[in-house]
Amino acid sequence: MQEILKDHPYITELLQIESENENRRDFHDKSHPLLLKMGQDKDFLKLVLKRNLLDKGFQTHEWSEYNIPFFYIYETDDFVLKLHVFPRNKEKIDGLAAHAIHHHNNYILSSNAFFGSGYESMLFDLKPDVDADKMTQMGITRHFHQKDWNPSVVNAWEPHIVFVPDALSATLVLWTPEEKRKTDKLRQHPLLKPIKGPLRKAIHTLGMTRKFGIAEDHTYQWYPHPEKEGFQAILEEEYFAPSKAAKGPKVDDYSMKMIGFFIQNADLVDKELFEEAIKQPSMPEYMKKVLQQLINDEEVEEVFHIQEINVPQKFYLREDILNKAKKK
Ligand SMILES: [Fe+2]
């Protein structure tokens, strides 16, 4: 369905910038003015809605708590452009970490916070060591709010954390591998984590991890240790296990309500499009319900950040990170 956007001037320009900048960080930096334009252009954003709501792939996507609710925009073997939605916390706790400190392996990420409050974030030392007790000492390299640095960039392998925003927020996100390689298309994945599952395992078995430039076998995430100095490392697959398993009708409803609330509050309602979308046989009931509310001008219920995350203390705060971070 991305054909809808193929000849759009923004996409043509993005493809042009991509082809002219072999260096991936240059590609990111040079695309930022364009990302800003996209985020301010409601006609473009409505085309993004169309690209998704009429697309069987989007309609049948299986949501889980692991996935941030999103729209696909455009992808090639060299980049993926998406829209992400971040809910606020119901109790408005100041400085609540949204998840564990993590990195995106070999992917560089640009984010344009185009809607809502935006979020506060921190970047940490690159490639931190994990000791025998799986403890890590790392320092904060940058502490910022998206309203002061936009678009912002997270480099490949760079640990970072996002704090739950004050109000529902949305970002346009551009992902690329850190280097342009012939094998990049192997790593193309609609959910945008480097290769998972059988293919990844096959590559490890062949001892080709380095050659393909994908994730090391052990990828860690971190959280401030409740007692000890520093951060406790946890294997990525262990941290994500419960949220990946959380799927089904409740999570579908939650994800679609968040998307509907975003559409309504970002003033992107397109009744003609939604009428067309709900007539499609592949459109699931839970999506229809929200689209019908938008058609009827009924308020879509706001849904909130899931406060408990998979760390022993269930959640942690900005202060906990500041207390445990290595002082420079
Ligand atoms: Fe991230």
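**Figure 1. Helices H9 and H11 pack with their axes within 9 Å of each other and a crossing of roughly 25°.** In this predicted model, helix H9 comprises residues 249-265 and helix H11 comprises residues 285-295. Because angles under 35 degrees count as roughly parallel, H9 and H11 are described as roughly parallel to each other, and their crossing is right-handed. On the H9 side the contact is made by Pro249, Asp252, Asp253, Met256, Lys257, Gly260, Ile263 and Gln264, which meet Tyr286, Met287, Val290, Gln293 and Leu294 of H11. Sorted by class, the residues of this contact are seven nonpolar, three polar and three charged.

**Figure 2. Helix H10 also packs against H11, with a crossing of roughly 150°.** The axes of H10, which spans residues 271-278, and of H11 come within 9 Å. Since angles over 145 degrees count as roughly antiparallel, H10 and H11 are placed in that class, and the crossing of this pair is left-handed. Lys271, Phe274, Glu275, Ala277 and Ile278 of H10 meet Lys288, Leu291, Gln292, Leu294 and Ile295 of H11. The contact of H10 with H11 divides into six nonpolar residues, one polar residue and three charged residues. Leu294 of H11 is listed in the contact with H10 and also in the contact with H9.

**Figure 3. Helices H2 and H3 pack in a roughly antiparallel arrangement.** Helix H2 covers residues 9-20 and helix H3 covers residues 24-40, and their axes come within 9 Å while crossing at roughly 175°. The residues of H2 in the contact are Tyr10, Glu13, Leu14, Ile17 and Glu18, and they meet Phe27, Lys30, Ser31, Leu34, Lys37 and Met38 in H3. By class, the contact of H2 with H3 contains six nonpolar residues, one polar residue and four charged residues.

**Figure 4. Three strands form an open antiparallel sheet in the order S5-S11-S10.** Strand S5 (135-136) and strand S10 (220-224) stand at the edges and have a single partner strand each, so that one side of each is left without a neighbour in the sheet. S5 is joined by two bridges to strand S11, residues 231-235, and the two strands run antiparallel; Met135 has Gln232 of S11 as its bridge partner. Helix H8, residues 236-245, packs on this sheet and touches S10 and S11, and its direction makes about 75° with that of S11.

**Figure 5. Strand S10 is mostly covered, with five of its five residues buried.** Tyr220, Trp222 and Pro224 point one way from the strand, whereas Gln221 and Tyr223 point the other way, and all of them are buried. Five bridges join S10 to S11 in an antiparallel pairing, and within it Tyr220 stands opposite Leu235 of S11. The hairpin of S10 and S11 has six residues between the strands, and in this hairpin Gly230 takes a positive phi near 100°.

**Figure 6. Phe79 is a buried residue in the loop between strands S1 and S2.** Phe79 and Lys180, which are 101 residues apart in sequence, are 9.9 Å apart in space from C-alpha to C-alpha.

**Figure 7. Pro87 lies in the loop between S2 and strand S3 (107-115).** With 24 C-beta neighbours inside 10 Å, Pro87 counts as buried. Its contacts, not counting residues up to four places away in sequence, are Leu168, Met258, Val303, Phe304 and His305. The C-alpha atoms of Pro87 and Glu302 are separated by 8.6 Å, although these two residues are 215 residues apart along the chain. For the chain as a whole, residues 24 or more positions apart account for 76% of the contacts with a separation of 6 or more, and buried residues make up 39% of the 328 residues.

Terms used:
Residues are numbered from 1 along each chain as its sequence is written. This is a predicted model: local features need pLDDT of at least 70, side-chain atom pairs count only at pLDDT 80 or more; totals for chains, interfaces and linings use all residues. Helices (H or I, at least four residues) and strands (E, at least two) are DSSP runs, numbered from the N terminus. A residue is buried if 20 or more other C-beta atoms lie within 10 Å of its own, exposed if 12 or fewer, and partly exposed in between; C-beta atoms are placed from the backbone. Axes are lines fitted to C-alpha atoms, for helices over the stretch in contact, and angles run from 0 to 180 degrees between N-to-C directions. Angles under 35 degrees count as roughly parallel, over 145 as roughly antiparallel, 65 to 115 as roughly perpendicular and the rest as oblique. A crossing is left-handed if the near helix is turned anticlockwise from the far one by less than a right angle, and right-handed if clockwise. Two residues are in contact if their C-beta atoms, placed from the backbone, lie within 7 Å. Ala, Val, Leu, Ile, Met, Phe, Trp, Tyr, Cys and Pro count as nonpolar, Asp, Glu, Lys and Arg as charged, and the others, Gly among them, as polar. Two strands pair if DSSP finds at least two bridges between them.
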